[in-house]
Amino acid sequence: MIGNIVKKYWPFILVDIKMSRRIILLFEMIFWPLLSLASLGIFTLFMKSNVYVKLFLFTGAIGWSTIHFCQHAIGRGFLSEVWHDSMKQTFSSPITLKNFVIGHWLFGIIGSVIGFTVMSTLALVFFNFNLFSLGVFIPAILLLAVMCSLIIGITSLSLVLLFGMRVDFIVWSLTDMVVFISGVYYSIAVFPPPVQFISHLFPVVYVFEGMRAVLMGVSAWRIFANGFIIAGIWIIFGMYVISKIEKYAKRTGFYERYG
Amino acid sequence: MLALEAEGVRKSFKSYESFTDKIFHRGKSMEALKGIGLKVNEGEIFGLLGPNGAGKTTFMDIVCNLILPDSGKIKVFGLDVVKQGLEVRKIINLSSAYSKFYDELTVKENLEISAMYYGLKINLKKIISMLDLGEYEDKNFGDLSSGNQQKVVIARSLMTNPKLLLLDELTIALDPNIAAKIRKIIKKFRRESKTTVLLATHNMYEAEELCDRVAIIHRGRIVACNTVANLKKMVSGEDVLEIAVDKIENPSDILLTKFGGVKSIVIHRNDNSIVMHLDNSEKRLQDILKILMSKKLRIKSVKLREPTLEDVFMKLTGAKLE
């Protein structure tokens with residue numbers, strides 16, 4: 001059984017690993033997130049920020065990079081087929097879009113965990129912000145974060161398959177919309193109640209609320225439980241949507257047009 | 001058993017001018033396939049011959065389960081391409097001239113990954129040497145010439161030993177020597193593996209050289225289907241007269257003129273040529289040229305030749321294969 005699972009997803013992970021030889025991918029995984037972390041870190045030093053500000057900025061930057069990289073792995077994996085004119089070759093093979101998405105997502109998880117570790121270490125060394133104090137919650141936070149990445153990845157991919165390559169920017173920009181609604185750098189308590197309600201429908205909120213709750217010493221189990229339930233519902237719905245969208249793309253000739 | 005059976009396959013696409021048109025489904029519909037029906041026997045090389053835009057690639061993509069038809073049925077070795085798409089894709093392979101690989105990966109890496117998609121462990125040495133790619137196997141795909149890139153695409157389609165091999169414009173944009181070599185490889189592969197081949201091409205020489213049977217496809221319809229020899233019989237006893245002139249100002253005047261023994265006339269305004277199919281060409285030639293000159297046409301060259309598949313195509317459709 002495990003052998004079959006590995007067989008299903010390994011080719012996509014391998015493509016991404018081999019593509020990682022490209023310097024641009026290392027930039028995406030390590031350099032840009034570090035640059036953003038450094039900017040925020042220096043900002044906190046310059047402003048002589050208190051612990052509370054540091055908490056929001058560092059959890060926001062590190063948590064968001066974790067979600068961002070993993071989601072990009074899915075979008076980049078798909079768009080890469082278009083850019084290389086290899087879509088027809090790939091999708092005329094006995095693979096499904098679902099396996100394709102999960103395979104690239106699994107690579108995204110590897111990258112996200114590396115990115116999270118490197119950024120947290122640097123935050124500790126240079127800015128005295130200890131994200132490792134999350135302790136046993138780290139695996140839960142990472143798991144919830146990458147589940148959110150999968151949801152965002154499926155959504156952006158579905159939009160591309162639905163509307164064609166004219167909306168490929170969605171792959172890069174959808175995450176920015178999520179940053180706004182999910183309170184990545186602030187608490188969603190600042191929103192009016194109806195917007196807060198909408199925010200709570202997105203699992204990303206729970207990643208950041210949970211992280212901050214643990215760091216502030218407040219019980220976070222309920223937050224994470226809610227997050228996993230909502231993320232689970234989104235993923236089940238997303239998997240259903242992706243199989244429908246795959247059929248739609250085949251009906252509209254997406255693979256012929258962009259193959 | 002039939003390798004491929006298609007019945008009443010129709011497909012139309014919508015094109016949208018703007019994003020709002022797409023959202024409100026206000027697109028223009030274009031019918032790419034208008035009821036295609038054909039049967040391909042196991043082990044044969046079957047050609048789909050037609051110009052660009054005839055519907056060949058759309059049909060191939062439906063067979064590969066990359067496009068879903070609006071109506072009609074296609075079965076590959078008894079498997080329905082819509083209902084059993086994944087099963088069909090396990091036993092076929094596609095080589096499209098318009099497809100490529102990851103530029104940043106080597107030839108070997110690209111082929112290894114493709115084999116993994118099929119869940120196969122393949123001895124790449126054999127396929128790499130078959131296509132003379134040995135010296136390039138560790139080079140990045142993006143660094144190869146277009147000819148060698150095409151060879152890699154073909155290697156990928158042969159390596160899984162498919163029951164049905166789909167070749168879409170096999171040798172387009174290749175120099176004649178490489179094209180001839182690739183045709184040779186395909187012939188050898190078919191001989192050794194007994195694979196059925198469906199070849200979509202607008203190259204009549206390729207169709208004549210490789211195919212056991214050919215279906216001529218034009219504007220989404222199959223207009224004739226037979227062996228190359230039988231198709232040529234449709235214009236047997238006729239010669240083809242190609243006359244190049246300086247300028248054709250009034251084509252309808254030529255088309256309405258009665259030329260003795262001429263069975264059909266096709267005028268190509270893009271290269272100012274007139275193509276006639278006629279009997280007893282030697283006797284008629286002088287009269288035809290006299291009539292044309294009387295219409296103040298300046299004749300640049302005259303060529304008389306045996307009919308080819310292109311002539312069959314022209315006779316059936318009134319269009320050129322390009």
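The model is predicted. Chain B has 322 residues, of which 42% are buried, and 31 residues of chain B are in contact with 30 residues of chain A.

**Overall form of chain B**

- The secondary structure of chain B consists of 12 helices and 14 strands.
- Along the principal axes, the C-alpha atoms of chain B occupy a box of roughly 70 × 50 × 40 Å.
- Of the contacts in chain B between residues at least 6 apart in sequence, 72% link residues at least 24 apart.

- On chain B, at least two residues each are supplied by helix 1 (19-23), helix 2 (56-63), helix 3 (85-91), strand 6 (92-96) and helix 4 (107-117).
- Helix 4 of chain B provides the largest share of the side of chain B that touches chain A, with 5 residues.
- By class, the side of chain B that touches chain A comprises 16 nonpolar, 6 polar and 9 charged residues.

**Positive phi values in chain B**

- Most residues other than glycine have a negative phi.
- Asp132(B), a residue other than glycine, has a positive phi near 55 degrees.
- Asp132(B) is located in the loop between helix 5 (124-130) and helix 6 (146-159) of chain B, and it is partly exposed, with 14 other C-beta atoms within 10 Å.
- Glu169(B), also a residue other than glycine, has a positive phi near 50 degrees.
- Glu169(B) belongs to the loop between strand 7 (164-168) and helix 7 (176-193) of chain B.
- Because 22 other C-beta atoms lie within 10 Å, Glu169(B) counts as buried, the threshold being 20 or more.

**Helix pair in chain A**

- The axes of helix 5 (residues 97-127) and helix 6 (residues 137-163) of chain A come within 10 Å and cross at roughly 135 degrees.
- These two helices of chain A are therefore oblique to each other, since an angle counts as roughly antiparallel if over 145 degrees and as roughly perpendicular from 65 to 115.
- The crossing of helix 5 and helix 6 of chain A is right-handed.
- Residues of helix 5 of chain A in this contact include Trp105(A), Gly108(A), Ile109(A) and Phe116(A); those of helix 6 of chain A include Ala145(A), Leu150(A), Gly153(A) and Leu157(A).
- The contact of helix 5 with helix 6 of chain A has 11 nonpolar, 4 polar and no charged residues.

How values were computed: Residues numbered from 1 in each chain as written. Chains lettered and ligands numbered in written order. Predicted model: local features only at pLDDT ≥ 70, side-chain atom pairs only at ≥ 80, totals over all residues. Contact = placed C-beta atoms within 7 Å. Helix = DSSP H or I, 4+ residues; strand = E, 2+ residues; numbered from the N terminus. Nonpolar A, V, L, I, M, F, W, Y, C, P; charged D, E, K, R; others polar. Buried ≥ 20, exposed ≤ 12 C-beta atoms within 10 Å, placed from the backbone. Axes fitted to C-alpha atoms, helices over the stretch in contact; angles between N-to-C directions. Parallel < 35°, antiparallel > 145°, perpendicular 65-115°, else oblique. Left-handed = near helix turned anticlockwise from the far one by under 90°.
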